[in-house]
Amino acid sequence: MAEAHQAVAFQFTVTPEGIDLQLSHQALSEIYLSGVRSWKKRIIRVKNSVITGVYPASPSSWLFVVIAILATMYTRSDPSMGLIAKIQEHLPVSQSMSTQCQAVVSAILFSTMLWLLLIFTMRLCLKQLLSYHRWMFEQHGKMSTTTKVWVALVRIFSGRKPLLYSYQGSLPNLPLPTIKDTVKRYMESVRPLMNDTEYERMTKLAAEFEGSLGNRLQWYLKLKALWASNYVSDWWEEYVYLRGRNPIMVNSNYYGMDFLYVTPTPIQAARAGNSIHAFFLYRRKLNKEELKPSRIPGIDIPLCAAQCERIFNTTRTPGEETDTVQHWHDSDYIVVYHKGRYFRLRVYQAGRLLSPREIEFQIQRILDDSTPPYKGEARLGALTAGDRIPWAKARAKYFSSGVNKRSLDCIEKAAFFVTLDDEEQDMMGDNPVASLDHYAKSLLHGKCYDRWFDKSFSVVFYKNGKSGISAEHSWADAPVVAHVWEYVLGTDSFQLGYNEEGHCKGEVDSSLPQPQKLNWEIPPECEEQITQSLVVAQALANDVDFHVFSFRDFGKGKVKKCRASPDAFIQMALQLAYYRDRGMFCLTYEASMTRLFREGRTETVRSCTNESSAFVKALEGGETADVCRRLCRAASDKHQQLYRMAMTGAGIDRHLFCLYVVSKYLGVESPFLKEVLSEPWRLSTSQTPLQQVELFDLVNHPEYISCGGGFGPVADDGYGLSYNFMGENVMNFHISCKRSCPDTDPHKFGDQIRKALHDLLKLLSPNQKEPNKTPESRPEVKKEQ
């Protein structure tokens, strides 16, 4: 094969005259340039480590301190109060070093120590400042004098031009709540879900736990909180994600959609060319730490960026007891799947990143390749979609040596995974609603074998130019992946663009080597395991039902005019809709981030409260509008309070989860914790806001909006619901459930959500005329070239 020969730097043959050595200058040149690129990246990492290590100061500030100390010495004053002289006394005496030279060296050493002390002090001050969270609980638009002073101090101590990871050392540790506070908040959260008998029984269990075992478990957690920067995150990753033995497809992964009303180009290879190039532009910024640190909008408080480290070159490796997340520093290629074949596509040539047009050219080569897949190759990806233990055993038995190991290593070490899907997805035909639902299912699970679910993320490019992203959940949460996806969508359409024919711009180097087809030798026993995993995955995928819709009757702009929090408004609507759908309340999960703290991930907001249930009962019971309005605002205020508490480390569920983990380590049983951790989340919700608003112009180009993303149902008899706000006038919803449950129907629940949204708006703005309902879908708009 030609690509195999190109990978060899030299060849030799033994002849009667001796050994004939032939060098491949092209291969040697590639090796040299690859080494140069690798060393450049190492130098950049070292430089950034130094800059981040001394932040909020700068390396140049060291020179300023040294010059200042030397200048004061020459004015015959001693700013060190005798320390420079002490240092000079203990310097190794050198005959070649004069007394003046020793004094200068001692001054430089003192200046360096003083500089490091100042950095430590500034970091400590900034850490203490970032531990202040009262600003979050103040009324919107009314900032106290204390908070104003605090904001000014944060800006003073924050330094200038921070890199992506500059704030990591200054972020506070996640605080550990007291047992008493957590149990009290838990009991309050379950009151609307229990009758008097159930609540009394749970109260006794809670009191027994708080008075005995809880204090012992809390002592161990205090030790961990003192030792570790975050007492939750490592256990959360391991026990919630990596130790799960069920399929990660549907149960753990999530997806993001393309633009809803625009397809930038109908050419599959061209769309892939621009998008893949944009992904590597993002990775370049990430490696150089040129991405701006994420912040709380409006107040510029930094968020933890630790999850960004494993976006690229990362895979989840199966194990019989637990999986592991492996990350590599660099990878100059991607792996592409098309019609049952796996291809290795290098995106760097002679040390430079291929242009979008060149990547399109290479992708088209793969699309035009008609070679059949190897025996057992076509559905190989089903191993990553099925149960984890069979995949771990098959990996150890069939992929631990030889050609299979080399090909598997190629997939796992790739920057990311790409699928060239031979289907079309969009709001198409006579039933655009069903088409959008099918689009969501395709991104979540595909055909169950045409994705590599272990990769940190996979990108799907459809035949008609649509695209999407699917991500594995253990290494990071949705906002991190959404940040990448926003950048790719914005760069693809507004910076790179396409020519009049819909192809990527630029020229092609026709000497580019062919994409390398991966080789496999799959034995019949492994094929049997692939089939078994596929059966498990298909049963899971077929059981998932989806409904995705874009609500355009009104958006958060209208909600804010009613003096209501958009998120609380949605959560109240969901409580009302679920009650109308099922005639009962349920334990409701809303994801909140804890990235105000170092290595923070998520916390749970329990959205079903005494206040929300009282409001729903009043509205459905026919109470007057004034009573319902008052109860609705009380419920919204309560929800906002719970959300703020979760963000500031005063949540319920992560603390109880860690106490449960400690109890398992100690081998003790807690009836209270066992019952708490077994409660099903029948309504699991999440909002992923638009983070990089500057990349899109929703006023002049409102058609360039994504429909957001979603995830599968958490409970067998419940709903998974994702929503987001696009601009001021659009809200998107992704609803999932299981077909096997007779009590759930995503379309019926979607109808209830629409009705609840209108009813809430009417309630909170009685003097305003309710907006006219607009059609749910719009015709597809092709980009004008």
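Helix axes are lines fitted to C-alpha atoms over the stretch in contact, and angles between them run from 0 to 180 degrees between N-to-C directions. The model described here is predicted.

Two packed helices are described by the angle between their axes and the distance between the axes. Helix H8 spans residues 196–211, and helix H9 spans residues 213–227. Their axes come within 3 Å. They cross at roughly 50°. H8 is therefore oblique to H9. On the H8 side, the contact is made by Glu208, Phe209, Glu210 and Gly211. H9 contributes Leu213, Gly214, Asn215 and Leu217. By class, the residues of this contact divide into three nonpolar, three polar and two charged.

The model also holds an open sheet of eight strands. Strands of a sheet pair through backbone hydrogen bonds, either parallel or antiparallel. Here the pairing is mixed, and the strand order is E16-E10-E9-E13-E14-E15-E3-E21. Strand E16 (516–517) and strand E21 (709–711) form the edges. Each of these edge strands pairs on one side only. Strand E3 covers residues 254–257, and strand E15 covers residues 467–471. Four bridges join E3 to E15, and the two run antiparallel. Gly256 stands opposite Ile469 in E15. Helix H11 (residues 268–287) packs on the sheet. H11 touches strand E9 (333–338), strand E13 (417–420), strand E14 (457–461) and E15. The direction of H11 makes about 155° with that of E14.

A loop leads from helix H15 (432–445) to E14, and Tyr449 is found in this loop. The relative accessibility of Tyr449 is 16%, so Tyr449 counts as buried. Beyond its neighbours within four places in sequence, Tyr449 is in contact with Tyr337, Tyr342, Ala378, Arg379, Gly381, Ala382 and Leu534. Gly386 lies 63 residues from Tyr449 along the chain. The C-alpha atoms of these two residues are separated by 9.7 Å.

Helix H20 covers residues 610–620. Buried residues in H20 are Ser612, Ser613, Phe615, Val616 and Ala618. Their cover includes helix H19 (566–582), helix H21 (625–647) and helix H24 (746–764). An α-helix has 3.6 residues a turn, so residues three or four places apart point the same way. Just after H20, Gly622 takes a positive phi of about 85°.

Conventions:
Residues numbered from 1 in each chain as written. Predicted model: local features only at pLDDT ≥ 70, side-chain atom pairs only at ≥ 80, totals over all residues. Heavy atoms only, no water. Pairing = 2+ DSSP bridges. Contact = heavy atoms within 4.5 Å. Buried < 20%, exposed > 50% of the residue type's maximum accessible area, 1.4 Å probe, protein only. Parallel < 35°, antiparallel > 145°, perpendicular 65-115°, else oblique. Nonpolar A, V, L, I, M, F, W, Y, C, P; charged D, E, K, R; others polar.
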